[in-house]
Amino acid sequence: MHKVLVIGGAGFLGYHLCNYLLKKKKYKIDIIDNLSKGKKDQSLKELIKDPKIKFFHHDVSIKKIKLKERNYSYIFQLAAILGVDNVIKNPSNVLIKNFNIQINSLEFAKKQKKLNRFIFSSTSEIHIGNEKLKELNFPTQENFKIILDDIKNPRTTYSLSKIYGEALLLHSSLPYSIIRPHNLYGQRMGDLHVIPQLFTKIDKIKNNEVLPLHSHNHKRCFCYISDAIEQIYTIMNNKNAVNTIFNIGNNLEEISIKQLALIIGNIVNKKFVIKIKEFNNSSPKKRIPSLTKVNKLKRTKFKYTNIQDGCLKYYEWKISN
Ligand SMILES: NC(=O)c1ccc[n+]([C@@H]2O[C@H](COP(=O)([O-])OP(=O)(O)OC[C@H]3O[C@@H](n4cnc5c(N)ncnc54)[C@H](O)[C@@H]3O)[C@@H](O)[C@H]2O)c1
């Protein structure tokens, strides 16, 4: 049995990761979370009923990790202040808390006797500055130079905290993998992301009403959470993934926000008239990850290459919850 610690394990990515690892029947998992964003909902309660999972309520940005365990083989660091609205509301919090979370997590990792890997979840958003200067190639490779956006822009604090988090880990002398997720979606995701927000908006309007939409021509490749977890598991279990940075996501289906709205309208059986809304939220116009590196370890067999199927699965979960 390998022991795994998942910091931020009650959140979207963390919950699905723990659930997946548990099913492999070879891991004992400890979760640390302060439940600032993750919820102790029915799914999490069911998960932590398993004797192989323990849950610790703890705020890693305030207090050091005091667990006695020294035999973790893997530490996942997924906790962060995130979400554009949260970030813009309190940018200083993002810089301080995301830094403290990473420092306390790394300090605890250094106490482990035989750590195989510290896996840090960074973000595709580290390239937001390149995107603004139109200096980005698509699909974007992991080694593409990083250009910092205007540091007065509150949104920059999130990417800055992740760049710093990556650097802290790179220079920690711990064995690491850095993952940069690109637009993951699925059951139990945070409400403040584009897919849940569109479902809520479209659900609320009446048939043939106006749907105000901003960033309608921005394009994304959305990746269903279970496909992303397969990629992360490949990275976790491959020795060639040590001390390497990986994009995580889907590069097969690029769609615009307008197309996404129409797909969601189809699922919830609503027709509407789209009214383009001007909105300057410095959101990148386009994002496609290069998956060459993760595919070199093991080619990703996507189960959800069609966003309609993934959105339908998400919607079924949403209405039953
Ligand atoms: N979901 C995506 O598409 C995506 C994209 C890019 C990057 N990421 C990164 O991946 C990681 C996981 O993302 P997610 O979508 O699961 O987010 P999430 O918000 O659902 O999960 C993060 C978890 O960390 C917990 N947390 C926050 N601050 C904490 C603290 N101080 N102490 C303990 N726990 C704390 C939250 O309660 C939450 O459960 C994040 O670091 C995020 O920046 C995710």
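Visitor: How many bridges join strand β6 (residues 176-181) to β11?

Guide: Strands are DSSP runs of E with at least two residues, helices are runs of H or I with at least four residues, and both are numbered from the N terminus. Two strands pair if DSSP finds at least two bridges between them. Here five bridges join β6 to β11, and the strands run parallel. One of the bridge partners is I248 in β11, which sits across from P181. Before we go on, note that this is a predicted model, where local features need pLDDT of at least 70, side-chain atom pairs count only at pLDDT 80 or more, and totals for chains, interfaces and linings use all residues. Residues are numbered from 1 along each chain as its sequence is written, and side-chain values use heavy atoms, with hydrogens and water left out.

Visitor: Why is strand β11 (residues 244-248) described as largely enclosed by the rest of the structure?

Guide: Buried means under 20% relative accessible area, exposed means over 50%, and partly exposed is in between, with a 1.4 Å probe and protein chains only. Five of the five residues of β11 are buried, so the strand is largely enclosed by the rest of the structure.

Visitor: Which way do the residues of β11 point?

Guide: In a regular strand the side chains alternate between the two faces of the sheet. In β11, T244, F246 and I248 point one way, while I245 and N247 point the other way, and all are buried.

Visitor: Which sense, parallel or antiparallel, describes the pairing of β1 (residues 2-7) with β4?

Guide: They pair in the parallel sense, over five bridges. Strand β4 (residues 72-77) is also joined by four bridges to β5 (residues 117-121), again running parallel. You can follow this through F76 of β4: F76 is the bridge partner of V6, and the bridge partner of F76 in β5 is I119. As for cover, six of the six residues of β4 are buried.

Visitor: Now the ligand. Which residues come nearest to it?

Guide: A residue counts as near a molecule if one of its heavy atoms lies within 4 Å of it. Of the 28 residues around the ligand, L13, D33, S121, Y158 and K162 come nearest. The shell divides into 13 nonpolar, eleven polar and four charged residues.

Visitor: Where does D149 lie, and is it buried or exposed?

Guide: D149 lies in the loop between α5 (128-132) and α6. It is buried, with a relative accessible area of 9%. Contact means heavy atoms within 4.5 Å. Leaving aside neighbours within four places in sequence, D149 is in contact with I128, G129, K132 and T156.

Visitor: How many residues apart in sequence are T234 and K298?

Guide: They are 64 residues apart in sequence, yet 6.8 Å apart in space, C-alpha to C-alpha. T234 lies in helix α8 (residues 225-236) and is buried, with a relative accessible area of 15%. Beyond its neighbours within four places in sequence, T234 is in contact with L297 and K298.

How values were computed: Ala, Val, Leu, Ile, Met, Phe, Trp, Tyr, Cys and Pro count as nonpolar, Asp, Glu, Lys and Arg as charged, and the others, Gly among them, as polar.
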